[in-house]
Amino acid sequence: MTQLAQQQCEACRADAPKVSDAELAELMTQIPDWTPLARDGVLQLEREFKFKNFKLAWAFANQVAELAESEFHHPAILLEWGKVTITWWTHAIGGLHRNDFIMAARTDGLLEP
Ligand SMILES: C[C@H](O)[C@H](O)[C@H]1CNC2=NC(N)=NC(=O)C2=N1
């Protein structure tokens with residue numbers, strides 16, 4: 001199967017399917033550093049990224065914002081001193097779409113090798 005990090009988002013419609021439990025389990029194997037969690041009944045993917053200072057965290061947050069705009073699929077970005085928390089979910093369906101897993105994998109790809 002093509003790696004998530006090499007994929008692009010598909011246009012997401014309100015009637016797009018949420019990932020099933022089985023798909024979730026399979027997709028999570030490719031993004032092991034992320035945590036699936038439910039907030040107000042909405043399933044989301046979340047990860048904290050740690051940095052040496054605010055400036056480095058800010059630069060990473062900007063990279064994620066650029067990636068999001070390039071795919072027109074947008075996360076929640078919490079920027080703090082030395083830390084960025086990224087949360088992906090699909091607003092249009094109120095849960096997780098394959099796009100969210102693609103974007104989580106591509107977010108990981110922004111980290112320095
Ligand atoms: C109008 C609507 O917000 C847009 O179609 C896009 C923008 N970015 C988006 N981002 C995310 N995460 N979910 C969406 O449903 C979504 N929709």
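**The ligand and its surroundings**

A: In this predicted model, the residues that surround the ligand are Phe72, His73, His74, Trp89, Thr90, His91 and Ala92. Sorted by class, this shell holds 3 nonpolar and 4 polar residues, while charged residues are absent from it. As for its location, the ligand sits in the largest pocket.

Several members of the shell can be followed down to single atoms. From His74, a polar side-chain atom comes to 2.7 Å from a nitrogen atom of the ligand. Trp89 takes part through its backbone, where a polar atom is 2.7 Å from a nitrogen atom of the ligand. Ala92 also contributes a backbone atom, an N or O, which lies 2.9 Å from an oxygen atom of the ligand. As for how much of the ligand is covered, its exposed area when taken alone is 390 Å², and the protein buries 62% of that.

Strand E3 covers residues 76-80 and strand E4 covers residues 83-88, and the two pair in the antiparallel sense over 5 bridges. Within this pairing, Ala76 stands opposite Thr87 in E4. The two strands E3 and E4 form a hairpin with 2 residues between them, and in its turn Gly82 has a positive phi of about 75°.

Key:
Residues numbered from 1 in each chain as written. Predicted model: local features only at pLDDT ≥ 70, side-chain atom pairs only at ≥ 80, totals over all residues. Heavy atoms only, no water. Near = heavy atom within 4 Å. Polar contact = N/O pair within 3.5 Å; in protein donor to acceptor, adjacent residues only side chain to side chain. Areas by Shrake-Rupley, 256 points an atom, 1.4 Å probe, with all protein chains shown as cover. 1 Å grid on protein atoms, 1.4 Å probe; cavity = no way out; pocket = protein on both sides within 12 Å on 5 of 7 lines; lining within 4 Å. Sits in = over half its atoms within 2 Å of the grid points. Nonpolar A, V, L, I, M, F, W, Y, C, P; charged D, E, K, R; others polar. Pairing = 2+ DSSP bridges. Helix = DSSP H or I, 4+ residues; strand = E, 2+ residues; numbered from the N terminus.
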